[in-house]
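Notebook open, model loaded. I'm jotting down what I looked up, in the order I got to it.

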Amino acid sequence: MRAVVLPGLIALLAIALVGCSNGGNSSSTAPSNTISAGKNCDLSYTLTQSAVLTGPDPLLGDQWHLTNTGQNGGTPGEDLRAAGAWPVTRGSGIRVAVIDDAVEVTHPDLSPNLVEGASRSYRNGNRGSVWPVPCTKAEDDHGTAVAGLVLARDGNAIGVVGVASRASLVAYDALSTSYDIDIADALTRDSQLNSVYQNSWGSPDDGHLHTADTAFNAAITSGLVTGRQGKGSVYVFAGGNGGCYLIDSATQKCQVDNSNFDGYVNQRGIVTVCAVDNKGVSPWYAEPGATLTVCAPSSGSSPVGVTTTALSGTYESTFSGTSASTPMVSGVIALMLSANPALTWRDVRIILARSAHRNDPTDTGWLPAAGGLQFNHKYGFGVANAQAAVALASTWSSVGGSASMKTCDSPLRTPNLPLPDGGAVGKSTSVSDSLSIVGCDISSIEFVEIFFTASHTYSGDLKVTVTSPAAAVSQLANARICKGSGDACGAYSNWRFGSMRHLGEAANGNWTMTVTDMSAGDTGRFDAWSLKIYGR
Amino acid sequence: MAADRTPPHDAARMRAPVAIARLAAVFAALTGAGVVALLAVASTALAQPAPGPLDPSRIETASKRSSVAIKSVQPTHVWHDGTSARMLTLDETLEAHFPGGLPPQGHVLRPAGSTDRAAAAQVSPVLRDESGRPRGLPGGVVVVLKTPMDEAAARALIGQAGAVALQALSDRLWLVQGPIGLGSLTLANQLQADGRFESAQPNWWMPRTRK
């Protein structure tokens with residue numbers, strides 16, 4: 001990590017790195033001049049009063065993700081187009097909750113936007129404090145980098161600029177304990193006041209099927225239904241970095257994870273974010289999925305990362321992965337909500353899709369979607385476009401919140417079809433089954449959940465797709481190998497896949513699931529499947 | 001899908017802890033003795049994986065079912081994730097330490113038997129789920145009510161089931177008192193079987209990946 005320390009910073013805000021000695025503090029207010037301390041912590045903080053400066057942000061020119069002029073070898077224009085939105089709004093009035101390991105809320109580029117007393121620490125020894133600050137420099141730098149990308153203050157003569165540089169910050173360090181209850185608490189805390197919940201974390205990117213526990217799902221549902229006075233909390237999550245989690249020794253090919261293998265992001269109500277590099281193309285670690293909503297810039301194959309806030313009041317220029325892309329989309333959403341606070345969580349997803357910039361236009365993965373849109377399993381609907389999103393949000397007529405969302409459930413199909421072994425016969429081994437949706441009152445789909453059960457001796461062999469009545473194909477699962485014993489990637493037992501790919505389509509008609517065994521040596525059966533369709 | 005590409009080797013960040021943690025996790029899932037020392041070194045990384053993409057130079061190579069010696073493991077415990085019964089396997093090589101005091105993150109997992117007796121009440125066994133991810137029991141049960149209720153009604157309902165309500169997260173989501181360790185798993189399964197609630201699950205600790 002390359003850190004840039006700004007001369008003169010100490011004059012603005014003194015952050016002292018000192019040994020901790022007071023044994024911790026669980027008070028909800030900071031003791032005199034000491035925000036957080038503890039005998040096992042490496043860091044503590046001393047906040048001093050300083051004059052508020054105004055002036056250009058000196059690192060703004062390095063922030064190619066905001067305005068890509070071709071610096072560092074990038075392609076001009078492959079950015080968030082954030083500057084085009086700023087004449088309309090900088091995110092004022094919108095609270096963004098950053099859920100992460102810790103956030104240095106005293107950072108001089110973050111503290112001007114901090115909502116005093118609204119953050120929470122879950123960390124043992126600091127639990128209940130409103131200062132979820134880092135405890136060790138080696139482990140706790142993630143959330144500070146994330147927060148800067150969302151809302152680092154503009155025009156304060158220091159450092160960087162966030163996408164929504166006048167939005168308000170609250171921080172929850174729920175990853176510091178990683179208890180289910182703390183995660184659920186953070187995802188529902190102050191849901192009438194917080195608009196966006198920013199999450200650059202998730203399941204391991206290892207090709208395994210990882211479910212989301214009931215506590216997580218219940219928290220998300222609660223926020224969608226009751227958050228923001230019924231307009232719904234907006235949950236933004238990273239799609240994952242599993243583009244090459246393992247190399248097959250037999251073929252020397254990367255094994256690719258899929259966002260649909262992560263139970264946190266394969267459900268309705270989550271804005272799932274992918275990454276593109278400074279040329280607007282998919283980086284080597286990119287993880288595809290039908291559940292992807294939009295992408296945002298991040299690191300690529302060259303060591304060009306993203307410039308943002310770092311610990312001890314400094315900055316870094318190499319922040320990377322979908323962790324960097326996700327807060328950019330959270331920032332875009334904050335701009336949208338600032339421009340039109342009446343938007344529901346459903347509106348936000350649709351506007352993001354409709355306003356996205358179609359990057360990498362020659363990629364063969366772009367597929368026609370309803371309403372003249374295009375979808376790509378690597379890119380969702382494209383790269384978030386702040387200018388277009390704010391413009392569309394400003395005149396948007398709401399489709400409603402959770403209360404008006406319609407759902408249609410298909411009957412459970414139990415084809416119980418044998419799945420011939422792939423590879424060995426040298427020809428297609430695909431098996432298909434169809435079901436018909438009739439009498440469903442959804443003319444415009446917003447999300448589809450597909451539940452799939454197969455008994456197979458190696459489920460990682462299976463490629464799974466579903467085709468809609470409009471002949472649009474969602475690629476739900478790719479074949480891969482995983483580390484571990486037996487059915488190492490995990491069995492498909494009523495596994496939920498999610499798809500954004502059918503946005504705007506009608507629900508009624510024949511849907512077809514196709515399962516293909518892609519590798520020799522294992523067989524099984526296509527047991528059952530069903531659909532749950534959401535829309536209006 | 002197998003990508004026809006090789007990862008770059010000039011990534012900006014080196015992430016040795018991730019590779020160590022993954023190796024350790026795999027070994028811990030498969031064997032008993034012989035990995036304690038490695039796990040002791042890697043325990044920090046296991047508890048909190050390093051963020052960002054994997055260091056390309058450290059991506060492991062493996063083949064289907066042949067990457068490591070396999071020791072078959074049978075489920076030892078069950079928990080209820082809503083209506084789904086999910087299997088768990090006791091990892092005899094590790095324990096999870098949940099002190100109420102100060103240790104910062106990253107020191108949850110320890111080699112089994114490394115905690116002194118005085119702190120034994122702060123220790124949970126480590127259980128691995130279907131994906132091999134370690135889970136610990138820091139105490140408490142997360143209950144989802146069948147319908148929204150005000151606080152008094154929810155506390156009464158939970159009390160009728162023989163449990164103590166601690167904290168409401170929403171009008172349906174509650175934290176119920178439970179001990180560190182397997183006692184919370186037992187209580188969660190009892191509350192699930194009770195039928196008064198939509199679901200009851202242990203308040204799990206498990207590592208989440210910063211992306």
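**Entry 1: a loop glycine.** I started at A:Gly484, which sits in the loop between E20 and strand E21 (495-499) of chain A. This is a predicted model, so everything I note here is computed from it. Buried or exposed, I wondered about A:Gly484? I counted 26 other C-beta atoms within 10 Å of A:Gly484; the cut-off for buried is 20 or more, so A:Gly484 is buried.

Entry 2

I then looked at how E20(A) is held to strand E19 (residues 462-467) of chain A: the two run antiparallel and are joined by four bridges. For A:Thr467, I noted A:Val473 as the bridge partner in E20(A).

**Entry 3: helix H5.** Next I took H5 (residues 322-339) of chain A and checked its length. At 1.5 Å a residue, its 18 residues should span 26 Å, and I get 26 Å between the end C-alpha atoms, which agrees. How many residues of H5(A) are buried? I get 18 of the 18, so H5(A) is largely enclosed by the rest of the structure.

**Entry 4: H2 against H5.** Helix H2 (residues 142-151) of chain A packs on H5(A) at about 35°, with the axes 7 Å apart. The crossing is right-handed. I listed the residues that meet: on the H2(A) side they include A:His142, A:Val146 and A:Leu149, and on the H5(A) side A:Ser323, A:Pro327 and A:Gly331 are among them.

**Entry 5: whole chain.** Zooming out, I count seven helices and 23 strands in chain A. The radius of gyration is 23 Å, close to the 24 Å from the globule rule for 536 residues, so chain A is as compact as a globular protein of that length. Its C-alpha atoms fill a box of roughly 70 × 50 × 45 Å along the principal axes. Buried residues make up 64% of the 536. Of the contacts with a separation of 6 or more, 79% join residues 24 or more positions apart.

How values were computed
Residues numbered from 1 in each chain as written. Chains lettered and ligands numbered in written order. Predicted model: local features only at pLDDT ≥ 70, side-chain atom pairs only at ≥ 80, totals over all residues. Pairing = 2+ DSSP bridges. Expected span 1.5 Å × (residues − 1). Buried ≥ 20, exposed ≤ 12 C-beta atoms within 10 Å, placed from the backbone. Rg over C-alpha atoms; globule rule 2.2 N^0.38 Å. Contact = placed C-beta atoms within 7 Å. Axes fitted to C-alpha atoms, helices over the stretch in contact; angles between N-to-C directions. Left-handed = near helix turned anticlockwise from the far one by under 90°.
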